[in-house]
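Open the model in your viewer and keep the selection panel at hand. This tour goes from the whole chain to the place where its parts meet.

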Amino acid sequence: MDIVENGATRRRAAQAASTRAEIVMAAGRLMLERGYVGTSVAAIAAEAGVVVQTIYNSVGSKAELLAAVLDRVAAEPGAPALLSGATRERIAEARTATEVIRILARSSALVNERTSGILRIVSEAAVVDPDVGEFEQKRDAARLHGFGEVAAALREKRGLRGGISDHEAAATMWALAHPHTFRTLVLSLGWSTEAYLNWLEKSLLAALL
């Protein structure tokens, strides 16, 4: 009996995960096509082939849907988190502060490129939805905290220039590598991702080392 019940539980969990994934993918498609304001929960439900209540039960509010879309995009193959475990390992193994900066610049460019579309939606949504605004603030705070870890690594490798605190160094990285900066330079002004990466690396080296 236990084996049968466990099997049924696993099937229900797998079905729930599959339904959630379909909902999140549908939300991503519609939000990128229509924008946050132009995408209703009902439209997402229709796109995913579920009823509206299933969305609230499986994912949550519209703001939580947007957060789930961003998490899915960032987790796709080839889209490393800004300070993923692998990135932290590379930074820890780096022999010089210059190498740390290069690792950070490349990671930031990859993440910004992959998430630029949905982050544009997040910025637009934050203007009209307080829940999304709060979510964006939390993301910014988490990003700043992550850069604080990089600043500590630079100081440990005796590369951080004198007269600048770890917090100030983290704020510098946060500003230069911010997704808004990427979108302005690459999407609005037409820079290539390679040109952005070169600029970011040079700017970080000049400002911090």
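Domain bounds here come from an automatic or database domain assignment. Before selecting, note that this is a predicted model: local features need pLDDT of at least 70, side-chain atom pairs count only at pLDDT 80 or more, and totals for chains, interfaces and linings use all residues. Residues are numbered from 1 along each chain as its sequence is written, and side-chain values use heavy atoms, with hydrogens and water left out.

**Stop 1: the two domains.** Select 1-71 for domain 1, then 79-206 for domain 2. Their centres, taken over C-alpha atoms, are 30 Å apart.

**Stop 2: the interface.** Show contacts (heavy atoms within 4.5 Å). Domain 1 brings 11 residues, and domain 2 brings 14. Now turn to buried area, the accessible area (1.4 Å probe) that two parts lose on being put together, summed over both. The two domains bury about 1100 Å² between them, 80% of it on carbon and sulfur atoms.

Stop 3: Select Tyr36, Leu66 and Leu70. They supply 52% of the area that domain 1 buries against domain 2, more than any other three residues.

**Stop 4: charged pairs.** Look for salt bridges (a side-chain nitrogen of Lys or Arg within 4 Å of a carboxyl oxygen of Asp or Glu). Between domain 1 and domain 2 the count is 0.

**Stop 5: the helices.** Helices are DSSP runs (H or I, at least four residues), numbered from the N terminus. Colour H1 (2-34) and H4 (62-75): these elements each give two or more residues to the side of domain 1 that touches domain 2. H4 gives the most, with 6 residues.
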